[in-house]
Amino acid sequence: MDERENQLAFAVSGDRQREHDRLQTLQKLGLLDNSSVPIFEEATQTVAHYLQVPICILGIVDRQVEWLKAAFGLSRLGLMNDLAAQRSIPLQHSLSRQIVETRKKWLIADLANHEELSQNFLYQEYGIHAYLGIPLLLSEGECIGALAVLDLEPHRFTSQEISYLEMTARWSLSEFERAHILKIPSNQTGLVGVSATPQNSSSQEFTTYSSRTAPAMASKNKLLNQLSQELRTPLTSVLGMAKMLNTETYGPLTPKQKEYMTIIYDSGQNLLSLINQILELAVLDDLAPPLKIKPVDVEMLCQQATSHLETLASDQNKQIRLSIEPGIRIWHVDKVLVQQILYHLIASVMEGAAEESIIRLHASHRAEQLYFSIWISHPWLGEGLPNLDEVKRWFKQKELRDSKQSVASPDSSSGWSESPAYDSVKSDGFTEVSSPLETPEEQRETSSSFKTKMQFLRLELSFNLAQLHGGHLEIQGKNAASYRYIVRLQEYL
């Protein structure tokens with residue numbers, strides 16, 4: 001088998017694994033049947049009334065069928081029709097299947113104008129002409145189906161109609177996830193799998209300590225999940241409404257109003273990203289985070305790790321570029337843990353990067369070890385890492401602490417106390433709040449200090465998470481332009 005065939009085989013294997021994981025998620029959520037879900041029913045009714053379309057459905061795509069978890073207007077297709085009675089669509093006739101595969105919305109103004117789609121039984125038997133479907137994406141990124149509107153006549157959907165359907169899809173699925181999380185017993189929170197034993201402690205001591213702290217950790221994780229979900233639900237509505245207003249669905253806005261709505265929407269996206277981080281960090285046990293090893297596609301893994309950061313990078317006039325070295329594309333890792341490592345390391349680099357910078361992420365596989373390289377390229381500043389001297393000092397002090405060759409005080413343990421730029425950071429870990437009487441220059445200095453502190457906090461977290469995965473984070477380079485962050489991870493086969 002040549003290299004091309006080898007890559008294709010791994011790609012097919014990855015697709016099968018992703019589909020297997022998706023179906024397992026549907027099973028855990030209790031969505032693999034034709035029973036209705038109240039929040040989904042409310043969503044379809046609201047959409048049908050607001051958009052004034054005859055039919056709205058919310059379908060969950062299974063291995064062989066699309067289950068209609070909610071539907072409004074099916075009676076318009078005829079009394080006692082099979083679609084309304086069975087509340088399902090065979091997969092070969094499901095238009096939502098395309099959406100699940102591509103994870104993108106699909107608009108069809110008239111099925112009659114498409115040679116293949118005109119043979120679909122929705123058109124042949126029920127006279128459906130127009131279709132607009134929006135992917136239903138879980139918080140972890142998996143696409144489980146689509147929220148769709150159907151029309152018995154040709155229909156050219158407007159941007160306002162698309163925006164409203166997108167907003168309702170996010171809202172309804174967020175509400176469903178929140179309700180599902182609240183039903184999960186505390187002893188089922190977190191991940192399951194291979195766990196690591198802390199160093200410098202006996203197995204018996206660790207077992208005793210874990211038995212005492214496990215209930216508290218479970219309660220903490222459950223509370224964090226609930227609070228985060230409670231935050232995310234109204235925030236999703238705020239984002240949807242802000243987007244709707246910005247598209248001027250309810251009337252024109254003044255330039256200043258549009259500017260403010262854009263700020264509200266962008267700020268909401270940043271808050272949503274932070275909430276997602278909290279939810280993901282909540283499943284990491286403070287003592288010994290277990291590993292959930294499974295085969296994952298490295299390209300999809302990297303894309304999911306950077307997806308939340310791309311909007312933030314664009315707002316800051318920066319870019320994120322991903323490259324994958326040819327070879328094995330399916331890696332056996334803890335997906336959540338690796339995403340956390342990459343997310344916080346790239347975010348750390350972004351904190352110190354100048355405008356117009358390109359943050360580059362390169363993935364490769366060598367001798368049963370996984371390598372991620374992260375660095376910056378700039379049109380006139382060249383390549384390298386931001387705050388390189390401070391980063392070098394941080395790694396040197398980290399190495400000294402780990403080897404017990406020096407004892408660092410809490411204030412200098414991250415290498416910040418040597419730089420006057422961090423004077424506004426208190427020793428207790430909290431940042432002084434800017435006074436309204438501060439000058440613009442003083443406020444900029446405080447903001448810069450906060451960003452630098454965040455940069456090294458994220459760096460420290462990435463370092464520790466890499467160790468939990470049996471790997472290491474380091475910097476390599478011979479001169480300032482060649483320095484890179486290198487993440488080396490152990491692959492578990």
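Predicted model: local features only at pLDDT ≥ 70, side-chain atom pairs only at ≥ 80, totals over all residues.
Which residues does Tyr-485 touch, not counting residues up to four places away in sequence? Residues are numbered from 1 along each chain as its sequence is written, and side-chain values use heavy atoms, with hydrogens and water left out.

**View A. The surroundings of Tyr-485.** Tyr-485 touches Leu-345, Val-349, Phe-372, Ser-373, Ile-374, Leu-385, Val-391, Phe-395, Leu-459, Leu-473, Glu-474 and Ile-475. Contact here means heavy atoms within 4.5 Å.

**View B. The largest nonpolar core.** This core has 46 residues, and those with the most contacts inside it are Phe-372, Ile-374, Phe-395, Leu-473 and Tyr-485. Helix α10 (residues 335-352) gives the largest share, 10 residues. A nonpolar core is a set of buried Ala, Val, Leu, Ile, Met, Phe, Trp, Tyr and Cys residues joined through side-chain atoms within 4.5 Å. Buried means under 20% relative accessible area, exposed over 50%, and partly exposed in between (1.4 Å probe, protein chains only). Helices (H or I) are DSSP runs of at least four residues, numbered from the N terminus.

**View C. Ser-163 in helix α6.** Helix α6 spans residues 159-183. Ser-163 counts as buried because its relative accessibility is 7%. Leaving aside neighbours within four places in sequence, Ser-163 is in contact with Lys-243, Met-244 and Thr-247.

**View D. Leu-245 in helix α7.** Helix α7 covers residues 203-246. With 37% relative accessibility, Leu-245 counts as partly exposed.

Definitions and conventions: Helix = DSSP H or I, 4+ residues; strand = E, 2+ residues; numbered from the N terminus.
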